[in-house]
Amino acid sequence: GLSPEELAAAIPSEASPQVEPALASPPERMSPEALAAMNLSKLQWPVQGEVVTEYGWWRHPMYHDWRMHPGIAIATPVNNPVKAALPGRVEEIYHDNYLGTVVVIEHGGSVRTVYGNVQDVPSLGSPVAQGQVIGKTASRRGDGQRGQLYFEVRHNGDALDPLAYLR
């Protein structure tokens, strides 16, 4: 994956600051990397809460092996509104045994955000505005009191550290 600095460097100097992210078709003079950098510079928090698991490698306490955590986990009350971090389109909705219902939003420039442990989700293909509610946090694996949102940022399929971009 690209670092925040590498993505920022990919923006052409002639790129207009008035260009909005998630355009139907990106301007010809902008590379996918430039569009991704423009999008990521505007990334907003999807939910209010405390980051309880950060992006990166961690050692499993029981199996003692190293595992990659490709996103962040944010502790938040059950039924807390989950908002789109960027404008885009709901590209995928699926069930994961660990993350529950997962929503993937495509933002242009090969950028996607992934939201896990969400309920009351929008329809597949729905356009979403930045900050639009796309669901509510579900309880964390059967614990009815505590909610948790799993959040991931991807560029060209590679996971990036969301905390490097969130504003």
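Analyst: Here are the terms, each set against its values.

This is a predicted model: local features need pLDDT of at least 70, side-chain atom pairs count only at pLDDT 80 or more, and totals for chains, interfaces and linings use all residues. Residues are numbered from 1 along each chain as its sequence is written, and side-chain values use heavy atoms, with hydrogens and water left out.

User: How many helices and strands does the chain have, and what makes a run of residues one of them?

Analyst: The chain has 2 helices and 14 strands. Both are DSSP runs: a helix is H or I over at least four residues, a strand is E over at least two, and numbering starts at the N terminus.

User: Why is N117 called buried?

Analyst: Buried means under 20% relative accessible area, exposed means over 50%, and partly exposed lies in between (1.4 Å probe, protein chains only). N117 has 12% relative accessibility, so N117 counts as buried. N117 sits in the loop between strand 8 (111–116) and strand 9 (118–119). Its phi is positive, about 70°, although N117 is not a glycine.

User: Why is D120 called exposed?

Analyst: D120 has 55% relative accessibility, so D120 counts as exposed. D120 lies in the loop between strand 9 and strand 10 (127–128). D120 is not a glycine, yet has a positive phi of about 55°. Over the 167 residues of the chain, 41% count as buried.

User: What makes Q48 exposed, and which residues is Q48 in contact with?

Analyst: Q48 has a relative accessible area of 69%, so Q48 is exposed. Q48 is in the loop between helix 2 (32–40) and strand 1. Contact means heavy atoms within 4.5 Å. Leaving aside neighbours within four places in sequence, Q48 is in contact with A75, T76 and N80. Q48 and P77 are 29 residues apart in sequence, and their C-alpha atoms are 9.1 Å apart in space.

User: How do you know that strand 2 and strand 3 pair?

Analyst: Two strands pair if DSSP finds at least two bridges between them. Strand 2 (residues 56–59) and strand 3 have 4 bridges, in the antiparallel sense.

User: What makes a set of residues a nonpolar core, and which members touch the most others in the largest one?

Analyst: A nonpolar core is a set of buried Ala, Val, Leu, Ile, Met, Phe, Trp, Tyr and Cys residues joined through side-chain atoms within 4.5 Å. The largest has 23 residues, and L43, I105, Y115, I134, L149 and F151 touch the most other members. Strand 13 gives the most to this core, with 3 residues. Beyond four places in sequence, F151 has contacts that include L43, P46, A85 and L166.

User: What makes a space a pocket, and which residues lie nearest the centre of the largest pocket?

Analyst: On a 1 Å grid over the protein atoms alone, where a 1.4 Å probe fits, a pocket is an open set of points with protein on both sides within 12 Å along at least five of seven lines. Lining residues have an atom within 4 Å of a point. The largest pocket is lined by 18 residues, and H69, Y98, L99, R140 and Q148 lie nearest its centre. About 350 Å³ of space lies in this pocket, where a volume is the space filled by probe spheres set on the points, and points are joined across faces, edges and corners.
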